[in-house]
Amino acid sequence: MAYTNSKLVSYTKLSPNHSGQRTHSIDRITPHCVVGQLSCESICGCFTSPSRQASCNYGIGKDGRISLCVEEKNRSWCSSSNANDQRAVTIECASDMSEPYTMNSAVYNSLIKLCVDICKRNGKKKLLWLADKNKTLNYAPKSDEMVLTVHRWFANKSCPGNWLYSRLGNLAAKVTSELSKTTSGGGTASTSQMYRVRKTWSDSKSQLGAYKVLSNAKKKADANAGYKVFDASGNIVYPTAAKPTQTPAANTSYKVQIDIANLNIRKGPGTNYGKTGQFTGKGIFTIVQESKGEGATLWGKLKSGAGWISLDFAKKI
């Protein structure tokens with residue numbers, strides 16, 4: 001079959017860590033907790049090194065934006081199970097760093113939208129949560145069914161964390177409800193032609209209006225600073241994003257705690273700068289400069305002079 005990728009994606013950084021094209025059609029979705037309030041860029045950045053031996057199809061950052069790390073046609077290395085990942089779309093979601101690995105509303109809402117999109121493009125009308133490992137793994141989905149699975153069934157992990165695990169029934173119900181609207185002829189066709197003016201797609205309360213004519217939506221956005229025009233899938237259609245410029249580094253001084261052992265140190269503030277070949281290790285470090293840059297919400301320069309680290313993986317103390 002012909003595989004496609006989601007148009008909800010706002011950032012793409014393809015990982016080399018995958019097994020090539022799937023050997024099974026897509027009939028599962030496996031959401032994960034990434035263990036960190038990361039941006040969608042940083043989630044992709046976790047999987048750029050072949051030595052990591054891990055990846056996912058999509059990442060959902062802490063602001064709800066979605067990244068593509070491995071194309072849907074390819075099997076990612078995400079769930080500690082070849083059999084599962086050959087047939088599952090895997091999604092790493094920004095979360096807290098400890099149990100229950102809570103996810104914010106922007107992440108959860110984007111997860112719902114992404115699951116709806118995955119189901120639509122793969123011809124599915126229902127998303128099922130059977131809440132039992134043996135029942136799920138022995139279940140043969142009907143041609144119009146998608147099934148949720150979890151990482152903890154295949155490895156000694158909590159993933160996706162108790163916060164999301166307790167909501168998987170709700171996730172399945174919400175996704176199936178949205179899918180029923182698109183298959184029942186209940187007015188979806190006219191809705192899909194509307195352009196919505198909002199601050200962000202996830203902030204529906206900020207919506208100023210919905211317009212059939214794009215030029216009218218643009219005028220409304222121009223008259224209200226900070227507003228954008230979104231299509232029915234949540235993609236920004238106006239204004240077109242300008243290529244970000246490098247922000248000059250700002251001097252500062254504070255300490256951060258790093259809780260992962262393999263945080264890369266780079267030669268400059270961004271994933272477009274080379275790695276030094278060193279890692280921070282776990283511990284407390286002093287940051288003396290901050291800068292915006294590719295691949296992370298914010299970068300910090302180490303006082304030691306070793307280089308720059310992504311502050312998405314650091315906790316200020």
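Buried means under 20% relative accessible area. That cut-off is used in the views below of this predicted model.

**View 1. Helix α3 is largely enclosed by the rest of the structure.** Among the buried residues are Ala106, Val107 and Tyr108. Leu111, Ile112 and Leu114 are buried too. The list also includes Cys115, Asp117 and Cys119.

**View 2. The span of α3 agrees with its residue count.** The helix covers residues 105-121. At 1.5 Å a residue, its 17 residues should span 24 Å. The C-alpha atoms at its ends are 24 Å apart, so expectation and model agree.

**View 3. Asparagine 104 caps the N-terminal end of α3.** A side-chain oxygen of asparagine 104 lies 3.0 Å from the backbone nitrogen of alanine 106. Alanine 106 is itself one of the buried residues of the helix. After α3 comes glycine 123. The phi of glycine 123 is positive, near 70 degrees.

**View 4. Lysine 174 lies in helix α6.** This helix runs over residues 168-183. Lysine 174 has a relative accessible area of 39%, so it counts as partly exposed. Valine 213 is 39 residues from lysine 174 in sequence. In space, the two are 29 Å apart, C-alpha to C-alpha.

View 5. Where pLDDT is low, predicted coordinates should not be read in detail.

Key. Residues are numbered from 1 along each chain as its sequence is written. This is a predicted model: local features need pLDDT of at least 70, side-chain atom pairs count only at pLDDT 80 or more; totals for chains, interfaces and linings use all residues. Side-chain values use heavy atoms; hydrogens and water are left out. Helices (H or I, at least four residues) and strands (E, at least two) are DSSP runs, numbered from the N terminus. The expected span of a helix is 1.5 Å times one less than its number of residues. Buried means under 20% relative accessible area, exposed over 50%, partly exposed in between (1.4 Å probe, protein chains only). A polar contact is a pair of N or O atoms within 3.5 Å; within protein, one must be able to donate a hydrogen and the other to accept it, and residues adjacent in sequence count only if both atoms are side-chain atoms.
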